[in-house]
Amino acid sequence: MQHRSLGKTGLSIAPLVFGGNVFGWTADEKTSFDLLDAFTGAGFNAIDTADVYSRWVPGNEGGESETIIGKWLKRSGIARDKVVVITKVGSDMGQGRRDLRKSWIVEAVEKSLKRLQTDHIDLYLSHWPDPDTPYAETLEAHASLVKAGKVRAFGASNLDAGQLQAAFDAADKAGLPRYGALQPEYNLYDRAGFEGALADLCQKEHIGVITYYSLASGFLTGKYRTKADTEGKARGEDVAHYLDNKGLRILAVLDEVAAQTGAKPAEIALAWLMAKPAVTAPIASATSLSQLASLTRAASLSLSAEQVSALDTAGAAS
């Protein structure tokens, strides 16, 4: 498995990241262990989670995904340096706000480390912008964790180009290290938030990029074709708005490329992301071994220039 450098973080990851948002939600502990065994067994090494996963599930309080990953790390016997653990801080964990204060980050990291049963986090991300906390305070917190050996590298999620540049400027002014990675929403359908100024800035500054909602909440798997297909599904409400002219146009081109390559729509959608010069690796989740086997095949799928162009065109406009 050929790995890619995650910007200038010093981390190296395979071209697909497992999305741990499903752990403790739509994948129970045993299923999660099986998925992680299969994922790492296939040569992949990066797992993405957050302290808040899966607080949205009735009866959960957050931390469920990290806890499952921690149990798996302990049980699997896999060498710690063979796994890149990515987690996030800053979501509301009961304190009533999105929170990137230094005091909260220093407290939250200890809880994440305990749940993950590890002495360090490979990549620690500021999950959301916090307009009430100066960038320098947040960056100082992250830098202190790196110095203490509790975090290897840090980055951000959900920043636009102006916010990311402001964070860079604040780091430079305060003599602090910059964010080294970014996790934006980006997929064949949702493109405007990343393409253009943000992607250009990431390339210019050599920022590692791992995309979330890479399959548009499952829409790009092709299993949702009508409103009826979304009813009663865990992500049904998240998918319904994709069923417009643009979404159906994208599905039609995915079907065409599938016929040409023998690959499934999800594999093609991920391969399209992997081919983008500003993207290091997409994040995708699975709840069954068959789903996972399909997703991992994307790493060996090479799309032609014509196929990439057809996909670009399909999702370029409303």
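How many of the residues of helix 10 are buried? In this predicted model, 10 of the 10 residues of helix 10 are buried, so that the helix is mostly covered.

- In soluble globular proteins, nonpolar side chains tend to be buried together.
- When residues up to four places away in sequence are left out, L164 touches L159, Y179, L182, L198, L201 and C202.

**Helix 5 and its two partners**

- Helix 5 (residues 161-174) packs against helix 4 (residues 135-147) at an angle of about 70°, and the two axes are 9 Å apart.
- Because an angle from 65 to 115 degrees counts as roughly perpendicular, helix 4 and helix 5 are described as roughly perpendicular to each other, and their crossing is right-handed.
- On the side of helix 4 this contact is made by Y135, A136 and L139, while helix 5 contributes Q163, A166, A167, A170, A171 and A174.
- An α-helix has 3.6 residues a turn, so residues three or four places apart point the same way.
- The axes of helix 5 and helix 6 (residues 197-204) come within 8 Å and cross at roughly 30°, and since angles under 35 degrees count as roughly parallel, these two helices are roughly parallel to each other.
- Here the contact is made by A161, L164, Q165 and F168 of helix 5, together with A197, L198, L201 and C202 of helix 6.

**Helix 9 and helix 12**

- Helix 9 and helix 12 have axes that come within 9 Å and cross at roughly 165°, which makes the two helices roughly antiparallel, because angles over 145 degrees are counted that way.
- The crossing in which helix 9 passes helix 12 is left-handed.
- Helix 9 makes this contact through K246, R249, I250, V253, L254, V257, Q260 and T261, and helix 12 makes it through Q307, A310, L311 and A314.

- A polar atom of the S288 side chain lies 3.1 Å from the backbone nitrogen of Q291.
- S288 and S32 are separated by 256 residues in sequence, whereas their C-alpha atoms are 8.8 Å apart in space.
- T296 lies in helix 11, and its relative accessible area of 17% is the reason why T296 counts as buried, since buried means under 20%.
- Not counting residues up to four places away in sequence, T296 touches L16, F39 and F44.

**Backbone features in loops**

- Most residues other than glycine have a negative phi, and most peptide bonds are trans.
- The peptide bond from Y53 to S54 is cis, with omega near 0°, and S54 lies in the loop between strand 4 (46-48) and helix 2 (64-76).
- N158 is not a glycine, yet it has a positive phi of about 65°; the residue is placed in the loop between strand 7 (151-157) and helix 5.
- Y213, likewise a residue other than glycine, has a positive phi near 50° and lies in the loop between strand 9 and helix 7 (227-230).
- With a relative accessible area of 40%, Y213 is partly exposed.

Conventions
Residues numbered from 1 in each chain as written. Predicted model: local features only at pLDDT ≥ 70, side-chain atom pairs only at ≥ 80, totals over all residues. Heavy atoms only, no water. Polar contact = N/O pair within 3.5 Å; in protein donor to acceptor, adjacent residues only side chain to side chain. Contact = heavy atoms within 4.5 Å. Buried < 20%, exposed > 50% of the residue type's maximum accessible area, 1.4 Å probe, protein only. Helix = DSSP H or I, 4+ residues; strand = E, 2+ residues; numbered from the N terminus. Axes fitted to C-alpha atoms, helices over the stretch in contact; angles between N-to-C directions. Left-handed = near helix turned anticlockwise from the far one by under 90°.
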